[in-house]
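Please walk through this structure with the model open beside the text.

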Amino acid sequence: MNHDDLGGGLAGNALYEMVIAREQGDWTAAHAAAKALSSLPVTAHPPHANLYRGAPAVAYVLHIAEHPAYARSLAELDAETVAIVSGRLDTAHRRMDSGRPPRLREYDLISGLTGLGAYLLHRGRGSVLERVLHYLVRLMTEPLAVDGCQVPGWWAATDPRDAIGTGRFEHGHANFGIAHGVTGPLALLALARRAGHSVEGQDAALAKGIAHLTAWAQPFDNNSIGWPELLPLDAYRKGPEPGTAPSRPSWCYGTPGIARALQLAALALHDDAARRLAELTALQAVTDSRQTCQLTDASVCHGWAGLLLATDRMASDAALPDLTGALPTLHACLESAMAHNERPKDAGLLTGNAGVLLTAHTLNVSHPLDLGWETCLLLN
């Protein structure tokens, strides 16, 4: 377990403690968590540091804390993060200029520039954020050619594990998930616009993302609508294939994250048709037992906590009340999973118990503060 890992390590536990401390005023556990984070070196090596690992991850946690005791450490980590972003942007633009497709880790939320942009957005680092937005505009709007086929600029050169592709992934793949695919950049572009950060071409990039998700929304074999999680080149060439089985409604790869990204983009461009599609698809996912029965734990990444949190954030922006009406059942499902010890035993936000507890706490209507920590999930 990496101490500076937000998704599956001590940084995720610390995030939970910081939120609790800010709301309840007792900093004992939060300071202990911060001490555990600082007890070992924090990586700032550009290829390995990202929103979920190293200096940016720890900086995100300390930024959420907003405690004067961490101000000096935060300033140092913030400067390291900006340097990491600058170096990675330079590398990414050189790759783009060469016409080669990216690896997932270049641009995705978990390891790439989208995640670093989410940090900059929450931190309020507008000038550096705008450089990331310019990069994402290029990523979304400049197509590539792979094996004689035109593919979007976010086409991954690698397989879903971000390794050099072989077999069916010899020519890479299209990834739809919010954790690793196109909907991460789409959600960040929309959230940045909502917060007043716009660059040239941003609306065109949002429109491109909306058009892509609209084209690839397909009816499953039970007549609900959804998206593929990922596609190798041969499947991408064929186009949407109706009649497949619905996938697991997880935050990371499934409908909750994809639909929230589409809703945010639609809200940014006042696209009512895309907004209806996003909200209808989300409603079908949370009310279709064939989809929800595929959830086997309470985690944020691929369990009940992620589904509930994404649905709650969608419901807060939805045009119709249907999603709000579905929330009590989802709350009950999360509570049941927690009661039946389906909480993960690991540390961290995405795959650990801290994320489950943080979600349950955040969605307790009696809590007084809205700290917006879910920017690291691109939900808000």
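Helix α14 is mostly covered, with 13 of its 14 residues buried. This is a predicted model. At 1.5 Å a residue, the 14 residues of α14 should span 20 Å, and the distance between its end C-alpha atoms, 20 Å, agrees with that.

R313 forms a salt bridge with E374, and the closest N and O atoms of the two are 2.4 Å apart. The pair links distant parts of the chain: R313 belongs to helix α14 (residues 304–317), while E374 lies in the segment after α16 (353–362), 61 residues apart. Both R313 and E374 are buried.

The search of the whole structure finds 19 salt bridges. Another of them joins the side chains of R275 and E279, at 3.1 Å from N to O. Because R275 and E279 are 4 residues apart in helix α12 (residues 272–287), about one helical turn separates them. R275 and E279 are both buried. R138 and E142 also form a salt bridge, with their closest N and O atoms 3.0 Å apart. Here E142 counts as partly exposed, because its relative accessibility is 36%, a value between the 20% limit for buried and the 50% limit for exposed. Elsewhere, salt bridges link D78, R123 and R125 in a network.

The nonpolar side chains come next. The largest nonpolar core has 134 residues, and those that touch the most other members are L6, Y52, W227, W251, W373 and L377. Leaving aside neighbours within four places in sequence, Y52 is in contact with D4, D5, L6 and G7, with A57, with L109 and I110, with L349 and L350, and with C376 and L377. Two of these contacts, L6 and L377, are themselves among the residues that touch the most other core members.

A search of the whole structure finds 5 aromatic pairs. In one of them, the rings of F176 and W216 have centres 6.0 Å apart and planes at 70°, so the pair is edge-to-face. This pair links distant parts of the chain, 40 residues apart: F176 is in the loop between β3 (173–175) and α8 (183–194), and W216 is in helix α9 (residues 202–216). F176 and W216 are both buried. They also belong to one aromatic cluster, formed by W154, W155, F176, W216 and Y236.

Helix α9 also holds I210. I210 is buried, because its relative accessible area is 5% and the limit for buried is 20%. Not counting residues up to four places away in sequence, I210 touches L186, L262, A265, A266, L269, D271 and A274. The C-alpha atoms of I210 and G372 are separated by 25 Å, and the two residues are 162 apart along the chain.

Is N223 buried or exposed? N223 counts as exposed, because its relative accessibility is 65%, over the 50% limit. The C-alpha atom of N223 is 9.6 Å from that of P246, a residue 23 places away along the chain.

Key
Residues numbered from 1 in each chain as written. Predicted model: local features only at pLDDT ≥ 70, side-chain atom pairs only at ≥ 80, totals over all residues. Heavy atoms only, no water. Buried < 20%, exposed > 50% of the residue type's maximum accessible area, 1.4 Å probe, protein only. Core = buried A, V, L, I, M, F, W, Y, C linked by side-chain atoms within 4.5 Å. Contact = heavy atoms within 4.5 Å. Phe/Tyr/Trp six-rings, centres within 6.5 Å; stacked < 30°, edge-to-face > 60°. Helix = DSSP H or I, 4+ residues; strand = E, 2+ residues; numbered from the N terminus. Salt bridge = Lys/Arg side-chain N within 4 Å of Asp/Glu carboxyl O. Expected span 1.5 Å × (residues − 1).
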